[in-house]
Amino acid sequence: MAKDFLKELSKRPLVFDGATGTMLQRLGLKAGGCPDELALTEPDMVRKVHQAYVDVGSDIITTNTFGGSRIKLKEYGLGSPEKVRELNIAAARIAKEVAGKDVFVAGCLGPTGKFLRPVGELEFDETLDVFTEQAAALKEGGADLFLIETVMDVKELRAATIAAKEVGLPVVATMTFDETMRTVLGTSPEAFAVTGSALGLSALGANCSLGVEGIYKALEVMSRYTTVPLMAQPNAGLPVLKDGETIFPATPEEMANYVPRFVSVGVRILGGCCGTTPEHIQKMGADFKALKTEKQPKKNFNVISSRSAVSAFGGDNAALIIGERINPTGRKKFAAEIKEEKIKTIRTEAREQTEAGATALDVNVGVPDIDEVAAMKRAVFCVSENSILPIVVDSSDIAALEEGLKSVDGKPLINSVSGEEAKLDSVLPLAKRYGAALIGLALDDDGIPKTAEGRLKVAEKILKRAEKIGIPKEDLIIDCLAMTISAEPDSANETLRAIKLIREELGLSTALGVSNISFGLPSRATVNSNFFSMALAHGLDAAIVNPKNEMMMDAYHASMVLLNKDDRAEGYIERFRDKSGNAAAPTKTKKEEPKDIRSRLARAIVEGDEGHIVDLVDEALTEGLSPLEVSNEGLIIGLNEVGVLFGSNRYFLPQVILSADTMKKAFTRLKKEMKESGEESLGKVIMATVQGDIHDIGKNIVATLLENHGFEVIDLGKSVPTEKIVEEALRSNVDVVGLSALMTTTVMEMDNVLKKLKEAGARCKTIVGGAVVTPEFAKKIGADEFGGEATVAVERIKKLVKV
């Protein structure tokens, strides 16, 4: 059936089922239980849900295993290998029995509920193992494909996709976005589309969180960056509270009105998420199958991505600027830092090169006599926390290269493979597995060819080998090799000819490490910048340069204008706009280091400088600042700036968490001083996920930020009984009770908690939040505040306690 699914997808539009949870609630599912366990305890209930969707024309039904991983099942005491296997096999078999021969079964792989490092504590390899275990059981039970759904962490998506593909079935996947068109970790629709396409997904799209309009907007953006079939699984509108019940208001007819628009952007698989019923699927599916769906046109450019951004190059796009400064070659101080496991230079270079105009960052930690695997992981984590740019993983050590590929978010670029047999055999499989693009050096086992024709021949060899294992030519960029002209006077001409020849003969994009050309000559920047302009004019698509070198970046921006690759000359004008608003001198990008200790404390929080924050706190205390002054006039100022950056979509959750962790280290140091001086907290806050709900990511983030702002937080955990919340609120005389819920089946428990608090005479304020909670819902149940984003929730809690 696996081949049949891909064949059917290529021939016609396919209709998924709708919400499982909504239907299970209709059939009597009680809040607080494990829905996935129903495959063992209430198989007929699950069978009825599947049958309802088959009866209205669904081509694909989904196993009831959204929480079927060992990590999620452990919350219910069901996380043993035996139970994980038993439950997933049973769920797949139930679906298979209902599906028969004409309907496909998608084995559902939901998120683990935990973040991967460096944002969380979960390791990539552990995540891979978790999804492999579940996927293998689903396949054994009869699944025809895998659906990875409602993902918020693109790194988790990478692990799940790799695991599912290696189990041996086609994989489709959806991520969930909010109204800002970002996931909770900041991934954009285009970054997901680029990453998912590179990993080999058979279809990709969006589900949950948004209604049809929001899902359409996300898919429209995705369609610009991928030719992979798109899929849409919208909610039936945004949830509202009516007569004490959470409902999704969109009718089947209202949702079906969007079907033509979905088709217009390349949707070939359509289904539903929260609140959608067989009635929705019947109406939407009928309209969907009546329309002709078209395959997406081929994209004529290269593209790589990070967690939150994409960098397109080649074709009509501006050339890729790969910042070369995170490389210890010839830099003794930096090399010593890497040996000492320090990251100050890496963090600084990541930020400065990003500000200087790089569009990707090369990461190389090749220092003798170190654990390069660990060093690469540390460096990639640091770069991803300090820059939104895609990463170029640069290592000749295969183990370190693979660790870098595991550690990145998004679609990385490998620097590099060559025409050497050993390199082809070792590097190409890694690029294929981890969904990476490649820089291919135009050299082989015989060395560097002297002529452009010789380099063309090597490029052709690399291309054939890459395509043989399924790497598309759009993911191969050939480095035509800039040789030093002081030793080989005609080498520049041959390199320029190679750029043009490889582009024209093979249709491949090209790259150069530009500065090699001037080695051994005076005024190297003059030679480099002029050669750079010449190479760009010959069709160069990517350059490894120092973006902080003004002559190089001036040459780049001028060339992009002259080659009509800078729309309305916007990049050029912005570069030369001085502070008075005149297009005059090049803008300076390097920030002055603040001298005042308060400013340095704030900057350390903004930049997430965990390694130096405690020393800065000690320095501030030595200068005579009180603990409260250190906090309010330095640390909190920085944390407030992080909130502004987050609110304007310049920072995302990983940067917020890094700053929060830095703040936590500072605050831990200050706590001792505060106790000795008798300084009080801003207030007591209970944080709890309501009974029946085991999702606590958002709650944990808010709790961390509250502590860092000076609140005393009593974190009661997840699935907390109402009685325990009320008891603790009275016992500790708290100022605020914060409640979280992610599931539609548990959100009404908030209403119950608020009523019980009132009945018990608790005088505290209340704030509620979570994915399915809206300001209208918060108001309707009588909460004092709606939480919203984590940084916003902190500010609202401050207002509640009148800080």
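Guide: Let's go to the second largest pocket, which has 35 lining residues; E324, N327, S515, N516 and I544 are the ones nearest its centre. What you see is a predicted model, in which local features need pLDDT of at least 70 and side-chain atom pairs count only at pLDDT 80 or more, while totals for chains, interfaces and linings use all residues. Numbering starts from 1 along each chain as its sequence is written, and side-chain values use heavy atoms, with hydrogens and water left out.

A pocket here is an open set of points on a 1 Å grid over the protein atoms alone, with protein on both sides within 12 Å along at least five of seven lines, and a lining residue has an atom within 4 Å of a point. This pocket's volume is about 970 Å³, meaning the space filled by probe spheres set on the points, which are joined across faces, edges and corners.

Who lines it? The elements giving two or more residues are β13 (320-326), β16 (413-418), α21 (524-537) and β20 (542-545). These labels are DSSP runs numbered from the N terminus: helices are H or I with at least four residues, strands are E with at least two. Strand β16 contributes the most, four residues. By class, the lining holds twelve nonpolar, 14 polar and nine charged residues; Ala, Val, Leu, Ile, Met, Phe, Trp, Tyr, Cys and Pro count as nonpolar, Asp, Glu, Lys and Arg as charged, and the others, Gly among them, as polar.

Eight of them close into a barrel with parallel pairing, in the order β13-β14-β15-β16-β17-β18-β19-β20; two strands pair if DSSP finds at least two bridges between them. Strand β16 is paired with β15 (residues 391-394) in the parallel sense, over three bridges, and its N415 stands opposite D394.

Helix α21, another contributor to the pocket lining, includes L536. L536 counts as buried because its relative accessibility is 3%, where buried means under 20% relative accessible area with a 1.4 Å probe and protein chains only. Beyond its neighbours within four places in sequence, L536 is in contact with A319, Y556, S559, M560 and L563, contact being heavy atoms within 4.5 Å.

Rolling a probe the size of a water molecule over the atoms shows where empty space is left. A cavity is a set of points where a 1.4 Å probe fits but cannot get out, and the structure holds two cavities of 30 Å³ or more. The largest cavity, of about 90 Å³, has a lining that includes I391, D409 and Q655; its lining splits into four nonpolar, five polar and two charged residues. The second largest cavity has a volume of about 40 Å³, and I338, V365 and R378 are among its lining residues. Helix α16 (residues 372-386) supplies the largest share of that lining, three residues, and the lining as a whole has six nonpolar, no polar and three charged residues.

Notes: Buried < 20%, exposed > 50% of the residue type's maximum accessible area, 1.4 Å probe, protein only.
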